[in-house]
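Visitor: Please take me through how to read the packing of helices on a sheet, and then the sheet itself.
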Amino acid sequence: MFENAPAERITLFADVILPLPIPKLFTYRIPFELNEIVQVGARVIVQFGNKKVLTAVIAKLHQTPPQHYQAKYILELLDTEPIVTFKQIELFQWLADYYLCSIGEVLNVALPSGMKITSQSMIELNPNATWENIELSEKEEKLLQLLKEKKTLSYNEAAVFLELKNIYHIIKSLSQKELIIVYEEVKERYQPKKVKKIRLTRDYLDKADLEKLFKYLEQRESKQLDVLLLYLRNVPVFRDWTLNENGLEKSIFRSNPHISNSSLETLIKNGVFEEFEVIVSRFADIQPADSYELKLTSEQSEVVDKIMDLFAEKDTVLLHGITGSGKTEIYIDLIQKVLESGSQVLYLLPEIALTTQIVARLRKIFGDKMGVYHSKFSDNERVEVWKGVVQQKFSFVVGVRSAVFLPFDNLGLIIVDEEHEPSYKQQEPAPRYHARDVAVMIAHLQHAKVLLGSATPAVETYYNAQIGKYGFVALRKRYGNAQMPEIELVDMKEQRKQKKIRQNYSEPLLQHIQETIQKQEQVILFQNRRGYSPYLNCVDCGWIPKCSNCNVSLVYHQHAGELRCHYCGFKMATPQTCFACGSTKMKSVGYGTEKLEDDLKLLLPNARIRRMDLDTTRQKNAYQNLIQEFEAGQIDVLVGTQMISKGLDFDKVSLVGIFDTDRLLYFADFRSQERAFQLLTQVSGRAGRRETQGKVIVQTNNPENHTLQKIKNNNYESFYQEEILEREKYHYPPFSRLIRIAIKHREKDYAQDAALCLAELLREKLGKPRVLGPEAPLIDRVRNQYIKHILIKLEREKTNLKPVKHFIAQQCQKVMLDKRFKSVQVVIDVDPI
């Protein structure tokens, strides 16, 4: 008798990841009608707190209600298929645990902005309201009349209609009078790209009817006939009527100067044509070049074979290939092998700048199977790449550090090019992850392989290869017949004594620039400081303009006519007189890329000189345009910051000049020698990448410096041996793990007291030798926050890291819960660089 009884109604709950810095997952109730379609990894819209509407991701489905609060219902399910994979959720949790942040902070960075919903304030008439006897301003009455017609308006639409910048006082007044209702409209940011098209209506798909129309227009409407002829030339329906289904883009009619738009609209209105929309990709369909053939040298083929052999034993392999040795060809060969096996590939590059040249080359080989992912793309473009990976449209993606969050589920290989680059480390906001280390963890979770490539590997990476943790392959020859450049160290002290320096250019460098241009070859000049000069100085009283928010001098940008802070973005017009004493004798001190460019234009007025730094490449395609001009030989001298040092390959560059070398070498950091070696070697590697040997001129006050001598001799192994002994002696990575804690507050004393309190709490368990500080960093106030640093050094082999990290997080929380330090900000950076 009970056979036809309805099945028991199951109540499902979802633990979701909220994009907020909260320690736990939050539980919501699933509406019964969604039970059959809801899945882990799908996005949902939820309410958190009283008003917040957020995009969350389902991490777990179950039937257990929360104990300490009433679970709210999920408001809306955004995806019927998972947009985040199980493996990604596992990775997000690892990132949160390792980098001491919340899983919500990981999600907030991982998901492209276009995949998060936004809420927009809307207004509508109160259906129960009348305003006959209510006193209204002219603007209020106009707005109410418009709402009568339009039903609903956004704040922005109302402001445009009333021609006001600020309409909040009007909305507040009408709301208090209970004449309007204010509500939040939730919508998804991502909008697919749509193209308007035109096609013949069904009435004219018969040949006889179309011919009648043709004769009619020929006699009476010549302009409309032009429209029809243009359509038939592009869509030959007489040959195949099915071609009409796809139609023709409306923009083709509009861009033709001989076509009347009004005639087109008349034909649509009269039912000859119909207008429709189609969703298209934001990325053009690119087919691989038929003729492209990858040819490896015998050395490169040997390296590929060694890497494949090592992958049988090791999950991670380091490829130490000198600059210009052809590492990219090796990467391409490996990518092809992995894709042919049916697995996915992720190719990481340290900066957007590098993607320009490499992407153009890879497109010829992989066509539209390859996705590109970086922050210069719009929100919509990044969403399309994300969805392209989910839908398996892209089996191979080239990207910067954020590409580690893409939803791969079948990775075979991750390539981390220029693995030593500091750009792989995220600084703000949390998680402060290192993409190279995350890549190694992803490979572990997905049983994939990692290839780390560099001409100047990070000391920690090279150490791991030396002790056998990573596989190791060396490529010590440049591609083809190219030779390593000759490096000349110019003693600037001697140049000054002999008065041979002209506008920061030594005599040898200026002479070689002139000779290089005469030979119709190209020059790269490297100065790792943008702007015209680091600061302005009053000659009479010594006053220096400082940032009002940070403890730094303002950088002088002559072309823009302003002083800027490179930490917080504050700027002001260049002062004509000293603010302290009123003197007009203001001079610029030091030099950046802008000054080097201007000075060289005066010294060599006929040379074509351009600059590549953050100021000249802010727009989306600015960097790409500069690269194309340089490749085409339209630029003689390119002046730039470290943007020009990374992986670029130019045939005609035979001279590289390096400025301000000593500032790199003597920076107060245990990694300063390593960074100087890496940066100067990479910049030097841009010279002479074909048959002609290149020349590198390094301007320095100390040509005998041991690091410079090793750069000159291209001796990484010798540099590493010296550096690793120093690291072991003073107990720095790779022999220890570092965790840096920054304590910030608007009041200096509060920051100091909180830092001292935290340091004492940490020393109670970790011991005095492991906890260094607190001390002020070199720049001790940024964005009106005073900063104190505590550095924790933990033995790599002896320390069980997980409980220690848990203890550190607990002590940080303890300080923030202290009433005295409620407004103190504590930032934890695991493995700082």
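**Helices across a sheet**

Visitor: Which strands does helix H10 lie across?
Guide: Helix H10 (residues 298–311) lies across strands S12 (316–321), S16 (411–417), S17 (449–454) and S18, and runs at about 175 degrees to S18. Contact here means heavy atoms within 4.5 Å, while angles run from 0 to 180 degrees between N-to-C directions of axes fitted to C-alpha atoms, for helices over the stretch in contact. Helices (H or I, at least four residues) and strands (E, at least two) are DSSP runs numbered from the N terminus. This is a predicted model, in which local features need pLDDT of at least 70, side-chain atom pairs count only at pLDDT 80 or more, and totals for chains, interfaces and linings use all residues. Residues are numbered from 1 along each chain as its sequence is written, and side-chain values use heavy atoms, with hydrogens and water left out.

Visitor: What does helix H14 lie across?
Guide: Helix H14 (residues 435–446) lies across S12, S13 (344–348), S16 and S17, running at about 165 degrees to S16.

Visitor: In what order do the strands of the sheet stand?
Guide: Strands of a sheet pair through backbone hydrogen bonds, either parallel or antiparallel. In this model, seven strands form an open sheet in the order S14-S15-S13-S16-S17-S12-S18, with parallel pairing (two strands pair if DSSP finds at least two bridges between them). Strands S14 (370–373) and S18 (471–475) stand at the edges with a single partner strand each, so one side of each is left without a neighbour in the sheet. On average, neighbouring strands of this sheet are turned by 15 degrees against each other, direction ignored.

Visitor: How many bridges join S14 to S15?
Guide: Four bridges join S14 to S15 (residues 396–399), and the two strands run parallel; Val372 has Val398 of S15 as its bridge partner.
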